[in-house]
Amino acid sequence: MNKSIFNLKNILTVLLLLFIGIQFIDVKKNISQNQSANAIGNHYNVPPKVQSILKTSCYDCHSNKTIYPSYSKIQPVKWWLADHVNAGKRHLNFDQFNSYSREKKLEKLDEIVETVKEGEMPLASYTVIHQDAKLSASDRAEIEKWVYETKKEIK
């Protein structure tokens, strides 16, 4: 019995030291100080209401300007958030939207409507902590209307 307690104590000590050690490993944050020349709002009309919705519900993962919560300073959460943001930006980056081909722009706009209508975006894991990011029926309708108008600008 003493050996198992001693082994458990050693394991817990190693895990604690490992947890403390990984706190010193940093990741590159997604915080750009500059307005991108390719940002969607520089090339297409984004009404203030829609811009507000996008900033609140989408931009943390789909732009170059993530606003990091206090818990993002703790590893392994820091790694998870960095991976999540990078994946979101690879899929759609509103700050790089105008660098996309015409076809990709139209595809991304269709995906925006589809994922918002289906309730897939913003992610539930995001809205649990960021309650203000939840989209109302009115927000979804505003986004859909904006996408429809933006697609006409692109065609």
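Is Glu103 buried or exposed? Glu103 is exposed, because its relative accessible area is 52% and the class begins over 50%, with buried meaning under 20% and partly exposed lying in between (1.4 Å probe, protein chains only). The model is predicted, so local features need pLDDT of at least 70 and side-chain atom pairs count only at pLDDT 80 or more, while totals for chains, interfaces and linings use all residues. Residues are numbered from 1 along each chain as its sequence is written, and side-chain values use heavy atoms, with hydrogens and water left out.

Glu103 forms a salt bridge with Arg102, at 3.8 Å from N to O; the term requires a side-chain nitrogen of Lys or Arg within 4 Å of a carboxyl oxygen of Asp or Glu. Arg102 is partly exposed, at 39% relative accessibility. The count of salt bridges comes to six by this rule.

Helix H5 spans residues 102–117; helices here are DSSP runs of H or I with at least four residues, numbered from the N terminus. Its 16 residues reach 23 Å from the first C-alpha to the last, close to the 22 Å expected at 1.5 Å a residue, where the expected span is 1.5 Å times one less than the number of residues. Just after H5, Gly119 takes a positive phi of about 75°.

The buried residues of H5 are Lys105, Leu106, Lys108, Leu109, Ile112, Val113, Thr115 and Val116. Their cover includes helix H4 (77–91) and helix H7 (137–154). Lys108 is among the buried residues, with a relative accessible area of 7%, and its salt bridge with Glu111 has the closest N and O atoms 3.5 Å apart. Both residues lie in H5, three residues apart, about one turn of the helix. Glu111 is partly exposed, at 22% relative accessibility.

A further salt bridge joins Lys117 to Glu144, with the closest N and O atoms 3.3 Å apart. Lys117 belongs to H5 and Glu144 to H7, so the pair ties together parts that are 27 residues apart in sequence. Lys117 is exposed at 52% relative accessibility, whereas Glu144 is partly exposed at 33%.

Beyond its neighbours within four places in sequence, Ile40 is in contact (heavy atoms within 4.5 Å) with Val46, Tyr59, Phe94, Phe97 and Trp146.

Aromatic pairs number three in the whole structure. Rings of Phe, Tyr and Trp (its six-membered ring) pair if their centres lie within 6.5 Å; planes under 30 degrees apart count as stacked, over 60 as edge-to-face and the rest as tilted. Tyr59 and Phe94 are stacked, at 5.4 Å centre to centre and 25° between the planes. This pair links distant parts of the chain, 35 residues apart: Tyr59 in helix H3 (residues 59–62) and Phe94 in the loop between H4 and H5. Phe97 and Tyr100 form an edge-to-face pair, because their ring centres are 5.6 Å apart and their planes stand at 65°. Ring pairs link Tyr44, Phe97 and Tyr100 into a cluster.

Conventions: Helix = DSSP H or I, 4+ residues; strand = E, 2+ residues; numbered from the N terminus.
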